[in-house]
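Reader: I have a structure open and want to ask a few things about it. Can we go through some side chains?

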Amino acid sequence: MKFNTEIIASYLLGVFFMIQGLFLIINAGRISSQNESIEIDKIKNIIDLINVFFIELTNILEPILGSHFLIPVVVGVLFILLGAWMFKAARVMKITTRYDRRFIIFFFSLTGVMFIWTTVLMFQVYGYTSILFLIAFIIHLLYNIFNEYLDHRFRKEQYLIIMFFYMIAYFFTQNAVYSDIGRGITPTDVLSINMYFSITWMLALLSLSVGVFLSKAENILKKPVSEMNEQEYSRVKELRRARKINVDVNKYFDFTKYLYQFRKRVVDKLFTFFEITPKHWFRINYVELTLGLVMLLMIFLEFNNRNGVVFEGLFKISNVQYIYEWVNLAITFILAFLYMYFTIMNTLKNKYYHRQMIIIVALFIKFSTSLFITIFRAVELSIFILPLNIFLVVLTLPLMLISIFKSFNGSENNDSKKA
């Protein structure tokens with residue numbers, strides 16, 4: 001799999017586009033007419049449940065493709081053809097590298113189209129707050145394309161900037177959706193909206209990664225050498241100097257030095273105030289492991305309780321709100337488990353620091369957004385009861401701050417940086 005990533009990515013994209021095309025053709029009548037929601041008492045089995053997840057997608061597509069019956073049919077056929085072409089492209093890339101430069105242009109263009117398509121669909125649900133996700137998309141895209149030109153010693157700072165824009169976008173878009181609860185949007189609609197956008201976003205980034213991989217393989221996005229070869233002709237040297245842009249963007253990523261200085265002052269004052277001396281055996285990772293374990297246990301207990309409600313006797317397929325809560329709790333539990341795994345690996349082998357930081361930031365923004373919606377939106381859709389939600393926010397806040405402020409001397413993807 002490691003040596004066939006671009007092939008596998010092409011197959012996944014092909015499957016995605018073909019499913020999209022079939023969905024548009026099958027639901028052309030629903031998209032081009034006034035959509036009706038499925039009544040709860042009509043959800044009797046898994047097929048009905050899967051169908052209800054697609055209802056919201058048809059509602060989103062109706063303003064864009066619903067002016068005539070043939071429009072979703074034509075777009076669906078185009079999606080199927082694009083999916084078939086992705087399978088063909090995968091076979092060609094597996095056989096030869098002759099067309100790699102053409103594939104580079106294609107995958108970069110495809111990524112841009114998918115981001116624009118996602119933003120247009122988001123606008124139907126999130127309104128103008130979808131622009132925030134577009135900004136986050138663009139920043140993430142630029143980072144993936146030009147990360148060879150960025151100093152990997154500042155990888156942490158670069159991730160923090162990307163996560164900051166995603167946090168802002170997630171907070172405002174989720175508030176925009178939940179403010180419409182009770183005015184035509186159901187829990188299943190919210191779940192299907194978020195799941196569809198997440199899948200499209202991940203596949204767009206997958207397309208981008210293939211384009212970046214092929215570009216580096218073709219030596220297009222490789223970082224230029226810092227020093228000239230002495231054997232080169234003088235006119236070649238001058239030409240390369242003329243083309244070189246003397247803008248050091250890496251100096252703008254050194255902002256965390258002020259955070260570390262602030263951390264040092266606070267820690268020193270705490271030690272002085274309590275008149276204690278830090279023990280040589282103590283590591284901040286032990287605090288992360290302890291608090292992380294408490295967080296994992298609390299989420300597991302809540303997830304186990306919802307298991308009892310959803311799977312009590314028979315699978316109560318008609319209770320979509322319980323299903324919504326169960327799916328969200330399952331995702332949250334997986335994130336908490338990954339956080340513990342990365343924390344253990346960071347403690348024992350001094351690696352996976354950046355992944356640990358990304359996971360805990362994602363958990364904190366999820367808990368804090370859920371708490372804000374519960375308190376200020378008066379929506380009974382929080383996956384946690386209010387006291388537990390407050391506890392998780394209070395618990396993950398120091399974990400996030402520790403992860404951002406702590407020193408790291410290990411390696412991440414063969415790049416090391418002392419924080």
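Reader: Which side chains meet in a salt bridge here?
Author: Those of Glu288 and Lys406, at 2.8 Å from N to O. A salt bridge here is a side-chain nitrogen of Lys or Arg within 4 Å of a carboxyl oxygen of Asp or Glu. The model is predicted, so local features need pLDDT of at least 70 and side-chain atom pairs pLDDT 80 or more, while totals for chains, interfaces and linings use all residues. Residues are numbered from 1 along each chain as its sequence is written, and side-chain values use heavy atoms, without hydrogens and water.

Reader: How many salt bridges does that rule give?
Author: The count is 1.

Reader: Where do the two residues sit in the chain?
Author: Glu288 is in helix α11 (residues 284-310), and Lys406 is in the loop between α14 (386-405) and β1 (411-412). They are 118 residues apart, so the pair links distant parts of the chain. Helices (H or I, at least four residues) and strands (E, at least two) are DSSP runs, numbered from the N terminus.

Reader: Buried or exposed?
Author: Both Glu288 and Lys406 are buried. Buried means under 20% relative accessible area, exposed over 50%, and partly exposed in between (1.4 Å probe, protein chains only).

Reader: Different topic. What does His140 touch?
Author: Beyond neighbours within four places in sequence, His140 contacts Ile162, Tyr166, Trp201, Leu205 and Leu208. Contact means heavy atoms within 4.5 Å. His140 belongs to helix α6 (residues 130-146).

Reader: Why does His140 count as buried?
Author: Because its relative accessibility is 16%.

Reader: And Thr5?
Author: Thr5 is in helix α1 (residues 5-26) and counts as partly exposed, at 41% relative accessibility.
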